[in-house]
Amino acid sequence: MVKSKIKDYIMRAVFFLAACLSIIAVLLICWFIFSNAFPAIGRIGAGEFLLGKVWRPLNDKYGIFPMIIGSLYVTAGAIAMGVPAGVLCAVFMARYCPRRLYKIMKPAVDLLAGIPSVVYGFFGLMVIVPAVRNIFGGGKSVFTASLLLAIMILPTIISITEAALRAVPQSYYDGALALGATKERAIFGVTLPAASSGVSAGIILGIGRAIGETTAIVMIAGNQPVIPQSIFSGVRTLTANIILEMGYAQDLHREALIATAAVLFIFVLLINLLFSAVKGRENKI
């Protein structure tokens, strides 16, 4: 009995220490980013930095508005293409997929999640970019980057959504059928809404990967620091702006890139808070 209590106390201490280390790591990251970002924004000017349309470090022009718009366009495009495809694929795997086919699809989805970003970027550069150029006349563009990101977020959305669907009690589905609902109505009207918490989590993580992706986007987006005029125009995202110039940036230029990271951090935080607010409203209803 005493040994059991000692083990319980030790494990609680280990878990508490792990939680504290995680919190400390997050706080240190926030401190580093914002302690460098705010002085830079103060020197440049918040309005000029966030709403300026010219990014020319050699001329001390640090406007990141084109990169903000580029990140929003690319992420929105990835969500529009990737979320419906991912959710529907998860529904198929959880409710329609034959067992033999499932044994092939499940490892394939897991394999997609493990492919490095640079491999996705190389695939996009060699396959997607030429295909889009031949069909639509635009190669490295918002559309190309959105399409590749949609493919990249599929494994996250599919895996989490499928797990959420399988966690819904079978009685929900059987009860809907007993009341006269068709199979599709039982799935989309009962099972899927019951799994909405897991589905939302999958979508949030997918958006987080989309807005934070860098290597693949650098390879196929065009990297032009201007506001795109169409979905087939080149674009530079916030993450691409950081990775392209951080290697040689100095002084105010370096601080401006760290401030760009702070803006990106705030974007991700706002997305999570927005989804949390929506989810909380759904629970109240």
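Buried means under 20% relative accessible area, exposed over 50%, and partly exposed in between. The model shown in these views is predicted.

**Close-up 1. F34 and F38 form a stacked pair.** A search of the whole structure finds 6 aromatic pairs. In one of them, the ring centres of F34 and F38 lie 5.7 Å apart with planes at 25°, so this pair is stacked. The two residues are 4 apart in helix α1, about one helical turn. F38 has 56% relative accessibility and therefore counts as exposed. F34, at 18%, is buried. Together with F265, F34 and F38 make up one aromatic cluster.

**Close-up 2. F136 and F143 meet edge-to-face.** Their ring planes stand at 65° and their centres are 5.5 Å apart, so the pair is edge-to-face. F136 is partly exposed, at 46% relative accessible area. F143 also counts as partly exposed, at 21%.

**Close-up 3. N36 sits in helix α1, which spans residues 2-44.** A polar atom of the N36 side chain lies 2.7 Å from the backbone oxygen of F32. Beyond its neighbours within four places in sequence, N36 is in contact with E255 and I258. L257 is 221 residues from N36 in sequence, yet the C-alpha to C-alpha distance is 9.7 Å.

**Close-up 4. The charged end of R95 sits over the ring of Y173.** The distance to the ring centre is 4.7 Å.

**Close-up 5. Helix α11 is mostly covered.** The buried residues are L238, T239, A240, N241, I242 and E245.

Technical notes. Residues numbered from 1 in each chain as written. Predicted model: local features only at pLDDT ≥ 70, side-chain atom pairs only at ≥ 80, totals over all residues. Heavy atoms only, no water. Contact = heavy atoms within 4.5 Å. Polar contact = N/O pair within 3.5 Å; in protein donor to acceptor, adjacent residues only side chain to side chain. Buried < 20%, exposed > 50% of the residue type's maximum accessible area, 1.4 Å probe, protein only. Phe/Tyr/Trp six-rings, centres within 6.5 Å; stacked < 30°, edge-to-face > 60°. Lys NZ or Arg CZ within 6 Å of the ring centre and 35° of its normal.
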